[in-house]
Amino acid sequence: MADQNVVHGVCPHDCYDTCGLDLYTDGERITRIAGDAGHPLTRGFLCLKVNRYMERLYHPDRVLYPLRRSGPKGSGAYVRVSWHEAMAEIAERLRAILQEYGGEAVLPYSFAGNMGTLAGGALDARFFQAIGATQLDRTICTASGNAALRWVFGTCLGPDPETIPQTRFVLLWGANPMATNIHQVPLLEEARKAGARIWTIDPLRTDTAARYDRHLRPRPGTDLPLALGLGRRLLETGSFDRAFVEEHAEGFATYRPIAEPWTLEKTAEATGIPEEDIAELAEHLGTVRPLLLRVGYGVQRQRRSAAVVWAISALSILTGAWRDVGGGLLLSNGDAFPLRSLSESSSGARTVNMVQLGQALLDLRDPPVKALIVYNANPAATAPDQSQVLAGLAREDLFTVVHEQMPTDTTKFADFILPAAMAMEVWDLHTSYWHRYVQLSRPAAPPPGEAVSNAEFFRRMARALDLTEPGLYDDDLSLIRQALATDDPALAGITLETLAEAPVQKLRIPAATRPFVDTRIKTPGGRLRLTPPPGTAPEAWDVGPLRAAQEFHLLTPSTRETIKSSFGNVASLRRGHPEPELLMAEEDMQRLGVGSGEMVRVYNHRGSLSLKVVPSPVPQPGTVVSYAVRWNHESGGRNVNQLTSAELADFGGGATFYTTRVTVHRDDDPRPAYT
Ligand SMILES: Nc1nc2c(c(=O)[nH]1)N[C@H]1C(S)=C(S)[C@@H](COP(=O)(O)OP(=O)(O)OC[C@H]3O[C@@H](n4cnc5c(=O)[nH]c(N)nc54)[C@H](O)[C@@H]3O)O[C@H]1N2
Ligand SMILES: Nc1nc2c(c(=O)[nH]1)N[C@H]1C(S)=C(S)[C@@H](COP(=O)(O)OP(=O)(O)OC[C@H]3O[C@@H](n4cnc5c(=O)[nH]c(N)nc54)[C@H](O)[C@@H]3O)O[C@H]1N2
Ligand code: SF4
Ligand SMILES: [Mo]
């Protein structure tokens, strides 16, 4: 047997942590995947899912060869073809579509299945620009929260997570690091040992909420009144940092009357949180330093997403939390990395918001969408308003190409499935939306079968269409060089050559640099904005009460066992929860007369689904939970996204997965479906 080598890799999944990996290889195959102990933040341990990665990497179902559909759409019948045949036929179909309908009849659909710089936004973007394809607005996850951050702060930047141990009060707001950001937990423990208090604001009793000092449990979707009520309380008690506001902010006169109506009494009524808890939290915010508001993306999957993130951001300004190292607000550090973009920002072609994929496939005209090219995503399972999405994907006249590693719910609708390499088999460059490290990911073994990287897939697409722009054919290492070719001091000395020697390098920004105090504020006025984002209407807040005894608020957040649909066929992760479940408070189960393990019908005007009820302390009465996202074929070709809405949030075009109301009945209940 050949010697074992260890190669540096990076976990490519859509996760805050962006772990460094040690890839053990015999040159032909990867033999073991472990955490890189040399990564200062991810510290050599991995999460539950990636500890099982060998099961995913060489899974018996992995797509290894190009496949051509041989049955009706959705049937899953395919035959193996050569790359040559596949690309020739794809080119022929695309050419005909381009000729008859123009470039905008082609729609790309991708998200963050692989977060690498080359895996998305590189040759894919150049390819779609070259053919004049419809542009995809990639909004499904963070769009509204990030738009609100850019509105308030001018950028998506927060404190360096390496300063968390210095913090003395941490408010985890709509964030569940025990499931989604496990490498933050040791940092929180260090802070705690040094005396920090940690509170959680989450409608659910998550493992995170259960672990720390206090848990405030608002009704879902009531964060806006809560944030405004806390702001009003800070102003009323005089415990806000007037000097910081005067020096660094604008719009105080606009903010004040918006917060004014939210007395403790009204805030308690809207949120369901007792008045004294709100007052106590306000007191902590006003007095304990350093103060970190660690906001999660969970707060911005609701109708008022941007207003919520704005109102929480306002608390970081009113308290002057930014004055201290270890203080401020951290939702995203994504804009800390000044990489050079590998594509133009806009081609001028029309744009489709990915949240509205179903409508785009069914309703768009002049031209209609005639070809769909999917990579890094599984929209049949993960996009909202699923019945529309599935109806769109089922159109026999839609030509669909999916570049994938696994047979997913989406590949079932493909005319061609092309095999995708795994991140451990290709070159890439990784940043993070949480920490401040740039990492080089090296191929540790060749991809099995005929799988290719995303970059190579789009080179082949360009070649098949005889496109001539030379940038469409750049090789992987040239692309990495291009991305690093800036003279921004944060990247000084970080080159392909130095990364080859030291694959984990920190941006040249000292951890003690305080955002917006020590750095320029990049809003147009050079000040932090206390004025709400345009078009949001925080004064007109209303989620409305539940209207019937059987109506519930449905939340579908992340769980430890998967990242969205990405680990859907890793059996060892499924074992504990072989079927999709509906978590319900015991009090509600008694009220509805359903027992543990019984099937219930969960429905609204968009769709319906049968789920197994599990009694749980996680949801409060009136709320039910089903973790996202199970593969559709586990429950008759559908999942919880039957129930979620394609409505856009208030600003930034984000998704509203967590603003979902459903009715729950026993499966044998004869009452008619929702009208
Ligand atoms: N293990 C695991 N890790 C993941 C993922 C995964 O699926 N599994 N997904 C990855 C992805 S794609 C992302 S975007 C991130 C997301 O990770 P997070 O930023 O943590 O966001 P979510 O998991 O969406 O939700 C976090 C919390 O918000 C709560 N929440 C829901 N509604 C409300 C509300 O109205 N108000 C408040 N205050 N809280 C609310 C939920 O109950 C949940 O506990 O995690 C990434 N990491
Ligand atoms: N109900 C509900 N729905 C949700 C959410 C929710 O909270 N509730 N969360 C939403 C959020 S935050 C997000 S980010 C989206 C995520 O939704 P998607 O973007 O669809 O993400 P995944 O389900 O992780 O699917 C990613 C796919 O990419 C494939 N893949 C991985 N690496 C590569 C690669 O290198 N090349 C290619 N070609 N393919 C690759 C994987 O095999 C996987 O099938 O889901 C959203 N959907
Ligand atoms: S999914 Fe997240 S925590 Fe798990 S290995 Fe990947 S980056 Fe690390
Ligand atoms: Mo996400």
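The model is a predicted one.

Helix α8 comprises residues 223–236, and helix α13 comprises residues 305–318. The two pack at an angle of about 20°, and their axes are 8 Å apart. Because an angle under 35 degrees counts as roughly parallel, α8 is roughly parallel to α13. In passing α13, α8 makes a left-handed crossing. On the side of α8, the contact involves Asp223, Leu224, Ala227, Leu228, Leu230, Gly231, Leu234 and Leu235. These meet Ala307, Val308, Trp310, Ala311, Ile312, Leu315 and Leu318 in α13. Sorted by class, the contact of α8 with α13 consists of 13 nonpolar residues, one polar residue and one charged residue.

Helix α8 also packs against α11, here at an angle of about 165° and with the axes 9 Å apart. An angle over 145 degrees counts as roughly antiparallel, and α8 is therefore roughly antiparallel to α11. The crossing of α8 past α11 is left-handed. Pro225, Leu226, Gly229 and Arg233 of α8 take part in this contact, together with Leu264, Thr267, Ala270 and Thr271 of α11. The contact of α8 with α11 divides by class into four nonpolar, three polar and one charged residues.

Helix α11 covers residues 264–271 and helix α12 covers residues 275–287; they pack at about 115°, with their axes 9 Å apart. The range from 65 to 115 degrees counts as roughly perpendicular, and α11 and α12 are therefore roughly perpendicular to each other. Their crossing is right-handed. Helix α11 contributes Leu264, Glu265, Thr267, Ala268 and Thr271 to the contact, while α12 contributes Glu275, Ile278 and Ala279. In the contact of α11 with α12 there are four nonpolar, two polar and two charged residues.

The sheets come next. One open sheet has six strands in the order β5-β4-β17-β16-β15-β6, and its pairing is mixed. Strands β5 (78–80) and β6 (106–110) stand at the edges; each has a single partner strand, so one side of each is left without a neighbour in the sheet. From one strand to the next, the twist averages 20°. Within this sheet, strand β16 (residues 399–404) and strand β17 (residues 416–419) are paired in the parallel sense over four bridges. Glutamate 404 stands opposite proline 419 in β17. Helix α17 (residues 454–464) packs on the sheet and touches β15 (371–375), β16 and β17. The direction of α17 makes about 155° with that of β15.

Another open sheet is formed by three strands in the order β18-β19-β20, with antiparallel pairing. Its edge strands are β18 (428–430) and β20 (504–506), each of which pairs on one side only. Direction ignored, neighbouring strands of this sheet are turned by 20° against each other on average. Strand β18 pairs with strand β19 (residues 437–441) in the antiparallel sense over three bridges. Aspartate 428 has serine 441 in β19 as its bridge partner.

The surroundings of ligand 3 draw on several parts of the sequence. The residues around ligand 3 are Cys11, Cys15, Asp17, Thr18, Cys19, Leu46, Cys47, Lys49, Val50, His183 and Ile563. By class, this shell has seven nonpolar, two polar and two charged residues.

Most residues other than glycine have a negative phi, and most peptide bonds are trans. Threonine 18, although not a glycine, has a positive phi of about 40°. The peptide bond from arginine 289 to proline 290 is cis, with omega near -10°. Proline 290 is located in the loop between α12 and β12 (291–295). Alanine 628 and valine 629 are likewise joined by a cis peptide bond, with omega about -5°. Valine 629 belongs to the loop between β26 (623–625) and β27 (661–666).

Technical notes. Residues numbered from 1 in each chain as written. Chains lettered and ligands numbered in written order. Predicted model: local features only at pLDDT ≥ 70, side-chain atom pairs only at ≥ 80, totals over all residues. Heavy atoms only, no water. Axes fitted to C-alpha atoms, helices over the stretch in contact; angles between N-to-C directions. Left-handed = near helix turned anticlockwise from the far one by under 90°. Contact = heavy atoms within 4.5 Å. Nonpolar A, V, L, I, M, F, W, Y, C, P; charged D, E, K, R; others polar. Near = heavy atom within 4 Å. Pairing = 2+ DSSP bridges.
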